[in-house]
Amino acid sequence: MTFQPFALEQWQSEWEHTVEINLADSSVRCATLREVLGAGAVDRLLDQVLFYPQVNGTDALRTRIASLYAGAQADQVLVTTGASEANQILCQALLSPGDEIVVMEPGYRQVWGIARNLGCTVKSFPLLPDQGWRPDLDALEAAVGPRTRMIAIVNPNNPTGSILTVEEAARITAIAAKAGAWLHVDEVYRGTERLTDVETPSFWGGYERVVVVGSLSKAYGLAGLRIGWLVGPKDLVEDAWRRHEYVVIAAAGPSMLLAEMALEPATRARLVGRQRELSRSGWAGLERWLSAHADLVSAVPPAATALGFVRYHLDLDSVAVADAIRRRTSVLVAPGVYLGAEHHLRITHGYEHAPAALDRISTVLRDLKTGR
Ligand SMILES: Cc1ncc(COP(=O)(O)O)c(C=O)c1O
């Protein structure tokens, strides 16, 4: 079996520290430690003993995380090193070679790649660009069968920024329940809604085989803490915990203490508010750029995230276009093909320097269009 690399993350890790402006990322400009620390916090950090931390996550942090999900208890939470680890160990716990899984495309292709590396058959159902990235749930229903072990979705979605309606979510849950399949929902973008301050409802609690994943990286702008989590039935949490012991033993202690502080209700509201400001003003800038270059680029306005999933009107593949942008202007964007959709670029806009970078991008696109 050939190893399936995580092409998007490989693209980012190879180039993100070599360019002047990185818009290939999928957070907003992240917060500083100073912005997380409240009164007395520095002393708590300085007095922390750097012994191995509690392996499944500190009680205080798991209690804070559980409070974000109706009816969840702290023993249904496992704290992980980012949502990345949660997705990895969940796949290890739930999937075996020969299993079938069905994923949403376009999407963040982590579960897609892990499942292939585990010897599973990966099917997909589309989000439809000409219908504002609504999901084709008839296609999902047709793809799910007796061999389906898991349906894996990302909601709100990376890269399209679309959010499932309550009806769509209910239908997906019903399809999973009918097949007895696990429903794995990556919810790291909950809290990044652009048009409302109301958080997208979690899938948690919809059915007994639902497992949800969260993170401090996106909605809180704290990617550097590397704290994520999964919330699921207790047996599955314990199964994932056994994998967690092999991979990392525990998440970092200072990060867990900082995560506990970040999720204290007033700090949480402040951090989410900060991220929303950056995402909303970033989108306004991206929208102006799209209108100024309507012959070259277009995008469905995202309902969430700080991402523009931009369709460029050129007959060139997205790696070639992203590569030309990087080489000619030292700006990094993500090729759409790495997220399952050609002729798109994923451009994050929650950064002050995004407008300057967008000007450089349109210059390259125009040059490519005229054959330069
Ligand atoms: C949908 C999705 N899940 C998980 C991750 C990984 O997040 P973390 O930084 O928490 O590991 C990302 C990062 O881009 C993502 O977009």
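This report looks at the ligand and its surroundings, and then at the aromatic pairs, in a predicted model.

## Where the ligand sits

Let us start with the ligand. The space that it takes is the largest pocket. Around the ligand there are 15 residues, and those that come nearest are Ala 83, Ser 84, Asp 186, Ser 215 and Ser 217.

What kinds of residue make up this shell? Seven are polar, five are nonpolar and three are charged. Helix 5, which spans residues 82–94, gives the most to the shell, with four residues.

In Asp 186, an N or O atom of the side chain is 2.5 Å from a nitrogen atom of the ligand. For Asn 158, the distance from a polar side-chain atom to an oxygen atom of the ligand is 2.8 Å. On its own the ligand has 400 Å² of accessible area, and the protein covers 95% of that.

## Aromatic pairs

Now for the aromatic rings. A pair of such rings is described by two things, the distance of the centres and the angle of the planes. The model has four aromatic pairs. One of them joins Trp 11 and Tyr 338, with 6.1 Å from centre to centre and 65 degrees between the planes, an edge-to-face arrangement.

Why does this pair tie together parts that are 327 residues apart in sequence? Trp 11 belongs to helix 1 (residues 7–15), whereas Tyr 338 lies in the loop between strand 13 (334–335) and strand 14 (344–348), so the two partners come from parts with that separation in sequence.

Terms used
Residues numbered from 1 in each chain as written. Predicted model: local features only at pLDDT ≥ 70, side-chain atom pairs only at ≥ 80, totals over all residues. Heavy atoms only, no water. Near = heavy atom within 4 Å. Polar contact = N/O pair within 3.5 Å; in protein donor to acceptor, adjacent residues only side chain to side chain. Areas by Shrake-Rupley, 256 points an atom, 1.4 Å probe, with all protein chains shown as cover. 1 Å grid on protein atoms, 1.4 Å probe; cavity = no way out; pocket = protein on both sides within 12 Å on 5 of 7 lines; lining within 4 Å. Sits in = over half its atoms within 2 Å of the grid points. Helix = DSSP H or I, 4+ residues; strand = E, 2+ residues; numbered from the N terminus. Nonpolar A, V, L, I, M, F, W, Y, C, P; charged D, E, K, R; others polar. Phe/Tyr/Trp six-rings, centres within 6.5 Å; stacked < 30°, edge-to-face > 60°.
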